[in-house]
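Dear colleague,

I am passing on the structure below for your own work, and after it you will find my notes on what came out of the analysis. Please read them alongside the coordinates.

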Amino acid sequence: MALLSNHPLMHWRQSYLLNTSMNQPNALYLSALRQADWQDPDKFCFPTHISKKWLLEKGSLSRLLETHCQVLSVDLLHNNVVNEEKLDNQEVELLLREPCLLRKVVLRGDDCPWVLGRTLIPNSSMEDHEFDFTMQGEKPLGLTIFTSDDIKRDSLQVAWVKTSDGDFLARRSRLWVNQKPMLIAELFLPNAPIYSKESE
C-alpha cells in the first residue's frame, strides 16, 4: 500500500479531489449570479456610499482593485466557447444570439478572493480584434481591454445576489471595445473592499 500511495495516479487523484472541493463554492456562486434580479442603479438602494462608488465604477474594476492590494491575481475557472443555447434571454438581448467565449475567473487581492467574474464575448466581437481573448489566461481582462482608445460601458445594472453564505453585491454591464460588445457580470465576495466600513 505504501508503494501505491506514492504512485503518480494517486497524487493526481488527490490533486483532483482538492481542486474539485475548492471549486464547489465558486460553482454555487456562479449559479446564484445567473439568477440575480438585476435592477437599474436609480432604483437600487445602495447600502453605503463606498458600495455605490464601486458598483457604478465606469473604468476598469481591475485597476481599482489594484489600488487596494499589493498583488492582484486571477484564478481562471473556465475559458471556452459555448453555444448560443447557453445564453438566457437577457444576455441575448444585450449581445447577439451566437456562440460566445465564456470566461469565468476569481480576482484575488493579495491571494484573498474578492470578485467572481463571468464574461461573455460573442464570436463576432473577437473577429479582427486587436486582442486575442482566447489567450487572455490569468491576466485580468480589465487590464487588457482598458488599454484600448475606443471603450465605453453601458447597460449597467446592480443586484443583491442570494447565496448560501449570505447576500453579496453584484453588477452587470456591457462593454464596447472598438465598437464590439461583451457582457461582464461581477459578484463581490465577502472580503472584497466594496464592503469596507472605513469612513470616506
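In which strand is Thr-119 found? Thr-119 lies in strand β3, where strands (E, at least two residues) and helices (H or I, at least four) are DSSP runs numbered from the N terminus.

Before going further, please note that this is a predicted model, in which local features need pLDDT of at least 70 and side-chain atom pairs count only at pLDDT 80 or more, while totals for chains, interfaces and linings use all residues. Residues are numbered from 1 along each chain as its sequence is written, and side-chain values use heavy atoms, with hydrogens and water left out.

**Overall make-up**

The chain holds seven helices and six strands, and from the N terminus on its elements follow the order α-α-α-α-β-α-β-β-α-α-β-β-β. Of its 200 residues, 44% count as buried, a term that stands for under 20% relative accessible area, with exposed meaning over 50% and partly exposed in between (1.4 Å probe, protein chains only). Taking contact to mean heavy atoms within 4.5 Å, 64% of the contacts between residues at least 6 apart in sequence join residues at least 24 apart.

**The sheet**

The six strands make up an open sheet in the order β1-β2-β3-β6-β5-β4, with antiparallel pairing; two strands are taken to pair if DSSP finds at least two bridges between them. At the edges are β1 and β4, each of which pairs on one side only. From one strand to the next, the twist averages 15°, based on axes that are lines fitted to C-alpha atoms (for helices over the stretch in contact), with angles running from 0 to 180 degrees between N-to-C directions.

Strands β2 and β3 pair in the antiparallel sense over ten bridges, and the bridge partner of Arg-108 is Pro-113 in β3. These two strands form a hairpin with two residues between them, and Asp-110 in the turn has a positive phi of about 50°. On to β6 (residues 180-188), β3 is joined by six bridges, again antiparallel, and here Thr-119 has Ile-184 in β6 as its bridge partner. Eleven bridges join β4 (residues 151-163) to β5 (residues 166-177), which run antiparallel; Gln-157 is partnered by Arg-172 in β5, and a hairpin connects β4 to β5 through two residues.

Strand β3 is largely enclosed by the rest of the structure, because nine of its eleven residues are buried. Thr-119 itself is buried, with a relative accessible area of 6%, and, not counting residues up to four places away in sequence, Thr-119 touches Leu-101, Leu-102, Arg-103, Leu-141, Met-182, Leu-183 and Ile-184.

**The annotated positions**

The UniProt annotation "binding site", from an unreviewed entry, covers Arg-103, Leu-141 and Glu-186; UniProt positions are given in the numbering used here, feature names are shortened, and annotations may be inferred rather than shown by experiment. Although spread over 84 residues of sequence, these positions cluster in space, with a largest C-alpha distance of 12.2 Å. Arg-103, Leu-141 and Glu-186 also belong to the lining of the largest cavity, a cavity being a set of points, on a 1 Å grid over the protein atoms alone, where a 1.4 Å probe fits but cannot get out, and lining residues having an atom within 4 Å of a point.

Leu-141 sits in helix α7 (residues 141-145) and is buried, with a relative accessible area of 8%. Leaving aside neighbours within four places in sequence, Leu-141 is in contact with Arg-103, Thr-119, Phe-133, Gln-136, Met-182 and Ile-184. Glu-186 is placed in strand β6 and, at 8% relative accessibility, counts as buried; not counting residues up to four places away in sequence, Glu-186 touches Leu-61, Val-115, Leu-116, Leu-169, Ala-170 and Arg-171.

**The nonpolar cores**

A nonpolar core is a set of buried Ala, Val, Leu, Ile, Met, Phe, Trp, Tyr and Cys residues joined through side-chain atoms within 4.5 Å. The largest has 20 residues, of which Trp-54, Leu-55, Leu-65, Val-115, Phe-188 and Ile-194 touch the most other members. The elements giving two or more residues to this core are α3 (49-55), α4 (61-66), β1 (72-82), β2 (100-109) and β3 (112-122). A second, separate core of 15 residues includes Leu-30, Val-106, Leu-116 and Phe-168.

With best regards

Definitions and conventions. On a 1 Å grid over the protein atoms alone, a cavity is a set of points where a 1.4 Å probe fits but cannot get out, and a pocket is an open set with protein on both sides within 12 Å along at least five of seven lines; lining residues have an atom within 4 Å of a point.
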